[in-house]
Amino acid sequence: MSQTTWLSISLFNNKSKRPVILRKGISLFLHKLHLSGDLICFRIFFNSSGGENIRVAILSATKSASRIACFTDNYFKSFYKEKGYIVSASKFPVNSLFLDFPNNSIQYGLFTLRRKEYSPSEVNFHNKFNSFVIAALGNPSWNKNKEALFFFAFCLNQCLLNHLISSVILDKQMLVHLIYEVKASPQDIETFRKMLQKDDDMLKVPSIDVNTDEFEKLVNAELNEIAIESIDSYIVKIKKIKTYINECIGLLPQQQQQLNYYINQTFKIRIEV
């Protein structure tokens, strides 16, 4: 097998530009890489370290890395220029010891993905999952809610919960506890409870204006056979998909526990109906 390398790109922009960058910038960029034959696998991550940014990770053959890096730089600089995204200096005062990276800037090498080899099934999952995320969050309507990314992660975890509930596995409550265990203090749990009262509609309308059909197909393809063959393998796989979601959306540890609490409460409502 030929050697592979990850190229890491960080696109710094305010949240209002996120749909355009996803829909018209990153999506076309990946399409061009795919047509060139240089793209093996890709992942995206929403991040706020050093300022609001979208991280794009590209896995390619090491021998192609230099050419891809040059293409990437030219592509995004042209895209920013076309959209009128001018690099702006960081403003004082700041809330940390370090200045944020300039808005509308493109940075490289700020994060690292260590794993460089994926099975064909893993490559297929990552490429389809991240394509789904780009298409879904490229919808401008997601800008209307400041907690959009958390709500989106909740939607996707609802899909995992739906699969678990409809599976042949008998002790579903045990599985929910293992996969969505809430490791939080009593004070944090009380905070989650109060927050959930405000967000009560989330439990009743899990889709929250997002079509999850493609993600559900992906989940079914990954989990259907495993659920029949081995409970342990099913737990491992569903935890892995949950981790991919949380990593992509950039949920902080506290947010992950909040999400686990919400899913547990959703499950209680579902089994009581």
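**Legends to close-up views of the predicted model**

A search of the whole structure, which is a predicted model, finds 20 aromatic pairs.

**View 1. F29 and F71 form a stacked aromatic pair.** The ring centres of F29 and F71 are 5.8 Å apart, and 10 degrees separate the planes. The pair links distant parts of the chain, since F29 belongs to helix 1 (residues 18-36) and F71 to helix 2 (residues 65-83), 42 residues apart. F29 has 0% relative accessibility and therefore counts as buried. F71, by contrast, counts as partly exposed because its relative accessibility is 29%.

**View 2. F45 and F111 form an edge-to-face aromatic pair.** From centre to centre the two rings lie 6.2 Å apart, with 70 degrees between the planes. F45 lies in strand 2 (residues 41-47), whereas F111 lies in the loop between strand 4 (106-108) and helix 3, so the pair ties together parts that are 66 residues apart in sequence. F45 is buried, with a relative accessible area of 12%. F111 is buried as well, with a relative accessible area of 10%.

**View 3. Helix 1 packs against helix 2.** The axes of the two helices come within 11 Å and cross at roughly 150 degrees. An angle over 145 degrees counts as roughly antiparallel, and helix 1 and helix 2 are therefore roughly antiparallel to each other. Helix 1 passes helix 2 in a right-handed crossing. On the side of helix 1 the contact is made by V20, I21, K24, G25, I26, L28, F29, K32 and L33. Helix 2 contributes I68, F71, T72, Y75, F76, F79, Y80 and K83. By class, the residues of this contact divide into 12 nonpolar, 2 polar and 3 charged. F29 and F71, the stacked pair of View 1, are both among the contact residues.

View 4. F76 counts as buried because its relative accessibility is 0%. Leaving aside residues up to four places away in sequence, F76 touches L11, G25, I26, F29 and I106. F76 and I26 are 50 residues apart in sequence, yet their C-alpha atoms are 8.7 Å apart in space.

**View 5. Helix 3 and helix 4 meet through nonpolar residues.** Helix 3 (residues 120-137) packs with helix 4 (residues 148-166) at an angle of about 130 degrees, and the axes are 12 Å apart. This angle makes helix 3 oblique to helix 4. The crossing of the two helices is right-handed. F129, F132, V133, A136 and L137 of helix 3 make the contact with L149, F152 and L156 of helix 4. By class, the contact has 8 nonpolar, no polar and no charged residues.

**View 6. Six aromatic residues form one cluster.** The members of this aromatic cluster are F125, F129, F132, F152, F215 and Y244. F129, F132 and F152 also take part in the contact of helix 3 with helix 4.

**View 7. Helix 4 packs with helix 9.** Helix 4 and helix 9 (residues 231-249) pack at an angle of about 170 degrees, with their axes 10 Å apart. That angle makes helix 4 roughly antiparallel to helix 9. From helix 4, the contact involves L149, F150, F152, A153, L156, N157, L160, H163 and L164. From helix 9, it involves Y234, I238, I241, K242, I245, N246 and I249. By class, the contact of helix 4 with helix 9 has 12 nonpolar, 3 polar and 1 charged residues.

**View 8. N104 has a positive phi.** Most residues other than glycine have a negative phi. N104 is not a glycine, but its phi is about 65 degrees. N104 is found in the loop between helix 2 and strand 4. N104 is buried, with a relative accessible area of 6%.

**Overview. The chain has 10 helices and 4 strands.** Read along the sequence, these elements follow the pattern β-α-β-β-α-β-α-α-α-α-α-α-α-α. Of the 273 residues of the chain, 46% count as buried. Among contacts between residues at least 6 apart in sequence, 78% join residues at least 24 apart.

Definitions and conventions:
Residues numbered from 1 in each chain as written. Predicted model: local features only at pLDDT ≥ 70, side-chain atom pairs only at ≥ 80, totals over all residues. Heavy atoms only, no water. Axes fitted to C-alpha atoms, helices over the stretch in contact; angles between N-to-C directions. Parallel < 35°, antiparallel > 145°, perpendicular 65-115°, else oblique. Left-handed = near helix turned anticlockwise from the far one by under 90°. Contact = heavy atoms within 4.5 Å. Nonpolar A, V, L, I, M, F, W, Y, C, P; charged D, E, K, R; others polar. Phe/Tyr/Trp six-rings, centres within 6.5 Å; stacked < 30°, edge-to-face > 60°. Buried < 20%, exposed > 50% of the residue type's maximum accessible area, 1.4 Å probe, protein only.
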